[in-house]
Amino acid sequence: MKLSAEDERFLEDIAGLMTPWGWPRPVGRIYAYLLLRAAPATLDEIAADLGMSKSNASVAARTLEHCGNARRHSEPGSKRIYYAVPENHGGPFAAKAELLGRLERLFDRQSARALSEDVTGRFDTLATFYARMRNAMEEVIDGEQAEAAPLRRAPGSA
């Protein structure tokens, strides 16, 4: 895939935006590259098109897969591995929502402790904040999955 100057800017922009989320730049660049592709890409294609070693491409692609931002594909009778972005974009955020729920429960449990009113109030505020964030994320994830479900059905199926 020949990348245009605009494509390269997109790759760099995504890489820069994902760095605060803990992604190394190559991971962000591969994610953007997969978003631009109409079809899954092999590690050879990723490495060649992005000018990186195949081993670096493999590590970065596996990181994306682990985060839920890429899916691994294979073809019957072939050892070749393909990567593509998943149809469901909420996958990586489901784990974050679960973490927010754990934080909410942790702060809720602190209410039973003999703490000052100021500290208890702070913990109650944090529990409410994390609950609202979790609920918002889950609502968006559930909505995205519900909207995508009809698109995945075969034409003519009920």
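**View 1. Salt bridge between Glu-65 and Arg-72 in the predicted model.** The side chains of Glu-65 and Arg-72 meet at 3.0 Å, N to O; a salt bridge is a side-chain nitrogen of Lys or Arg within 4 Å of a carboxyl oxygen of Asp or Glu. Glu-65 is partly exposed at 27% relative accessibility, and Arg-72 is partly exposed at 40% (buried means under 20% relative accessible area, exposed over 50%, partly exposed in between; 1.4 Å probe, protein chains only). Residues are numbered from 1 along each chain as its sequence is written, and side-chain values use heavy atoms, with hydrogens and water left out. Because the model is predicted, local features need pLDDT of at least 70 and side-chain atom pairs count only at pLDDT 80 or more, while totals for chains, interfaces and linings use all residues.

**View 2. Salt bridge between Arg-29 and Glu-12.** The side chains come to 2.5 Å, N to O. The pair links distant parts of the chain, with Arg-29 in helix 2 and Glu-12 in helix 1, 17 residues apart (helices are DSSP runs of H or I, at least four residues, and strands are runs of E, at least two, numbered from the N terminus). Arg-29 is buried at 12% relative accessible area, whereas Glu-12 is partly exposed at 32%. The whole structure holds nine salt bridges.

View 3. Arg-134 is buried at 18% relative accessibility; Glu-138 is partly exposed, with a relative accessible area of 30%. Elsewhere, salt bridges that share partners join Glu-8, Glu-12, Arg-25 and Arg-29 into one network.

**View 4. Buried face of helix 3 (residues 43-50).** Leu-43, Ile-46, Ala-47 and Leu-50 are buried in this helix. Seen down the axis, the buried residues of helix 3 fall within an arc of 95°, so they line one face (the arc is that of the directions from the helix axis to the C-beta atoms). Their cover includes helix 1 (5-18), helix 2, strand 1 (41-42), helix 4 (54-67) and strand 3 (81-84). Just after helix 3, Gly-51 takes a positive phi of about 65°.

**View 5. Asn-69 in the loop between helix 4 and strand 2 (71-74).** Asn-69 is buried, at 9% relative accessibility. Not counting residues up to four places away in sequence, Asn-69 touches Trp-23, Tyr-31, Leu-64, Val-85, Pro-86 and Pro-92 (contact means heavy atoms within 4.5 Å).
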